[in-house]
Amino acid sequence: MRLSILSLAAIVLLPLPSRAQVPVFKTTPEGSAIKFYVKASVALVGKFDKWDANLTFSSSDVTTGVLDIKIAAATVNTGSGVKDGKLKSKDFFNVEQDPTIEFRSTKVVQTSPDTFDIVGNFSIRGVSRPETLKLTVTGKGTGAGFIKGVMAFDRKDYGMTSGIPFVKIADRVEVDVDLKVQQVSGPRLVYKE
């Protein structure tokens, strides 16, 4: 009887080989960046100095991936204190009320061997809408590489209807996501060719 109980305890406590491992990745801040661009009469280009990006998978199938990006809106950096102040204000990012800009994917569609459409919920200023991040992957199959993507949205859809004095700005905002990633454990991802 004791042998049966000990055997059962060993089975429960030890990891079973049948439990599938999943690929685990980390994002390296050095070599990574989140930037934005708005067509304007005076250049409106910037980046965010503080953000976090997580890439998780529920299996080795690349389409099970979930990309979660959280950006500290108050870390906007255009190189101009005046522009940064205006972007942080209630007319744009409204950082006092909504300090975080977030994108969380809900679906991954592989569109070619190296490109993906990442559909997700984009939240800014307390408004959340579906948007698509178009990604290209380099270093596929090596466990290290880059994820580079672009997402475009209409700022007025998120309540950013104001302008900047003496600057004519477009409604379309482009966000560039460049992430350096490294696989830290688990099996390699499986892509369709």
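This short talk walks through a predicted model of one protein chain, from its overall make-up to a few individual residues.

Let me begin with how the model is to be read. Residues are numbered from 1 along each chain as its sequence is written, and since this is a predicted model, local features need a pLDDT of at least 70 and side-chain atom pairs count only at pLDDT 80 or more, whereas totals for chains, interfaces and linings use all residues. Side-chain values use heavy atoms, with hydrogens and water left out.

Now the overall picture. The chain has 2 helices and 10 strands, where helices (H or I, at least four residues) and strands (E, at least two) are DSSP runs numbered from the N terminus. Starting at the N terminus, the order of the elements is α-β-β-β-β-β-α-β-β-β-β-β. Of the 193 residues, 35% are buried; buried here means under 20% relative accessible area, exposed means over 50%, and partly exposed lies in between, with a 1.4 Å probe and protein chains only. A contact means heavy atoms within 4.5 Å, and among contacts between residues at least 6 apart in sequence, 59% join residues at least 24 apart.

Next, how confident is the predictor, on average, in this chain? The mean pLDDT, which is the predictor's confidence in each residue from 0 to 100, is 89, and 90% of the residues score at least 70. Among the elements, strand E5 (residues 76-77) has the highest mean, 98, while helix H1 (residues 2-13) has the lowest, 43. Over residues 1-19 the pLDDT is below 50, and this stretch has 1 contact in the model beyond near neighbours in sequence. Where pLDDT is low, the predicted coordinates should not be read in detail.

Let us turn to charged side chains. Side chains of opposite charge can pair when their charged atoms come close. For a salt bridge, the cut-off is a side-chain nitrogen of Lys or Arg within 4 Å of a carboxyl oxygen of Asp or Glu, and a search of the whole structure finds 11 of them. In one of these, arginine 104 and aspartate 68 meet with 3.3 Å from N to O. This pair links distant parts of the chain, since arginine 104 is in strand E6 (residues 100-112) and aspartate 68 is in strand E4 (residues 66-72), 36 residues apart. Aspartate 68 is buried, with a relative accessible area of 10%, whereas arginine 104 is partly exposed at 41%.

A second salt bridge joins aspartate 117 and lysine 134, at 3.1 Å from N to O. Because aspartate 117 lies in strand E7 (residues 115-124) and lysine 134 in strand E8 (residues 127-138), the pair ties together parts that are 17 residues apart in sequence. Lysine 134 is partly exposed, at 49% relative accessibility. Salt bridges that share partners also join Asp68, Lys70, Glu102 and Arg104 into one network.

Which buried arginine has no salt bridge? That is arginine 125, and the nearest side chain of opposite charge, aspartate 98, is 6.3 Å away; in this count Lys and Arg are positive and Asp and Glu negative, while His and the chain ends are not counted. Arginine 125 lies in the loop between E7 and E8, and its relative accessible area is 19%. Its side chain reaches the backbone oxygen of phenylalanine 92 at 2.6 Å. Leaving aside residues up to four places away in sequence, arginine 125 touches several residues, including Asn94, Asp98 and Tyr158.

There is also a point about the backbone. Most residues other than glycine have a negative phi. Arginine 125, however, has a positive phi of about 60°, and asparagine 94, in the loop between H2 and E6, has a positive phi of about 55°.

My last stop is threonine 78, in the loop between E5 and helix H2 (81-88). Threonine 78 is buried, with a relative accessible area of 18%. A polar contact of 2.6 Å joins the side chains of threonine 78 and aspartate 84; such a contact is a pair of N or O atoms within 3.5 Å, where, within protein, one must be able to donate a hydrogen and the other to accept it, and residues adjacent in sequence count only if both atoms are side-chain atoms. The side chain of threonine 78 also reaches the backbone nitrogen of serine 80 at 3.2 Å. Serine 80 is partly exposed, at 21% relative accessibility.
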